[in-house]
Amino acid sequence: MFGLLGITKLTNGKTRLFTAENVYGEKGAGGMADVVAQPQDAVARIGQVWDGPNPCARDLGKKWKVRPCITLPPESVTTILDTEGPGKITHIWITVDQKKFRDLIIRFYWDGEAEPSVESPIGDFFCCGFSKALKINAIPINVNPTGGMNCYFPMPFRKHAKITVENRLPEKSGGFFYAISVDAGADAAGPDDAYFHAKFRRTNPLVYMDDYLIVDGIKGRGHYVGTQMCWQQNSSGWWGEGEFKAFIDGDGEFPSYCGTGTEDYFGGAWCFNDNFSAPWLGYQDLMTLRQRQRPGQGPGAGRGGDVRPTNSLGNRHSMYRFHIMDPIRFQSDFKAYMQAIGWRSEGRYLPLCDDIASVAYWYQSEPHVEFEPLGTRDDLEVI
């Protein structure tokens, strides 16, 4: 698709792949891990744990998949990318046990900044909320069986790039696999290239009569490129009447960008009624399929038919929309909300108090405003 438009262009770029066996993505240094008790110098320098000789490669030795993954120590931060610029991250692949999706926090730092430009639980960043490995067929984020998480958002940097993973678990987390592709060289980051940002938020429960805040405090010039949202119902019935609202460049009480409903914003219609995963938009009802449908209830339930998904107390929904073909541009500031509206008796709207979490994705010039605190492990826990 759009990513193919520049595939024929010759550049002076140099491709590097950063993995557990070549932690600095050095030229001619892939697959050099050895079956020895002491860590490679590069592994010690970057500060990763060395698990000792890999017994699976004991008969074959060097070149034979000696260190395909790493272990994250308990309650620790591990660096998985540390490289000088200029460059551009072109692909990230990660897989780890889905039970850890909310307990592993991924952060990106550009050009030596002290505060991250990306901060999110690793599962939510890859559109897998509720600590569940979903199948995501989007272009910027692609997740395949079983939990192969891919990100294709281009991420240019000029001086330096660092990615860390915080393990909030009280025990070590083994089997963390990763591969990060970087296009290195002067052509990788042009003068008009903005920096990639992403921020997770969760509100549980949403305060009655409040809109859910997706992102706030964005200052500078840039464009908003996506929303991932996971939504747990704290009441029964249809929950998606609320509007997506983006306040752009000094908007006051009313936004410049305002949609018509939650399912409409995520590319669906008439209460979704089915799961889908498309290049830019998707929705998944996490309930079992045997419970999927029942007669419609409430105003508009018959629109498009007299059946609708079961929207029961405690049900969970996962959605994404990527504004790649339709970025929301801002010149000075940006914030975004999603209303949470269901139905109550006599055909009246019901402001909801649901458990809602999201990841906002955008590009902007640096410096960016420091993010609000992510919250504790208990604040993020899927219960």
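How exposed is Glu372, in terms of relative accessible area? Glu372 has a relative accessible area of 37%, so it counts as partly exposed; here buried means under 20% relative accessible area, exposed over 50% and partly exposed in between (1.4 Å probe, protein chains only). Before we zoom in, please note that this is a predicted model, in which local features need pLDDT of at least 70 and side-chain atom pairs count only at pLDDT 80 or more, while totals for chains, interfaces and linings use all residues. Residues are numbered from 1 along each chain as its sequence is written, and side-chain values use heavy atoms, with hydrogens and water left out.

**View A. Glu372 and Arg201 meet in a salt bridge.** The N to O distance is 2.5 Å, and a salt bridge here is a side-chain nitrogen of Lys or Arg within 4 Å of a carboxyl oxygen of Asp or Glu. Glu372 sits in the loop between strand E27 (355-364) and helix H4 (377-380), while Arg201 belongs to strand E13, so the pair links distant parts of the chain, 171 residues apart. Helices (H or I, at least four residues) and strands (E, at least two) are DSSP runs, numbered from the N terminus. Arg201 is buried, at 15% relative accessible area.

**View B. Glu119 forms a salt bridge with Arg107.** Their closest N and O atoms are 2.8 Å apart. Because Glu119 lies in strand E6 (residues 118-121) and Arg107 in strand E5 (residues 104-110), the pair ties together parts that are twelve residues apart in sequence. Both Glu119 and Arg107 are buried.

**View C. Glu119 also forms a salt bridge with Lys199.** For this pair, the closest N and O atoms are 3.8 Å apart. Glu119 in strand E6 and Lys199 in strand E13 (residues 195-203) are 80 residues apart, and their pairing links distant parts of the chain. Lys199 is buried, as is Glu119.

**View D. Strand E19 (residues 281-285) pairs with strand E22 (residues 316-322) in the antiparallel sense.** Five bridges join E19 and E22; two strands pair if DSSP finds at least two bridges between them. Look for Gln284, whose bridge partner in E22 is Ser318. E19 is mostly covered, with four of its five residues buried.

**View E. Strands E18 and E19 form a hairpin.** Three residues lie between the two strands. E18 (residues 276-277) pairs with E19 over two bridges, again in the antiparallel sense. Phe276 has Tyr283 as its bridge partner in E19.
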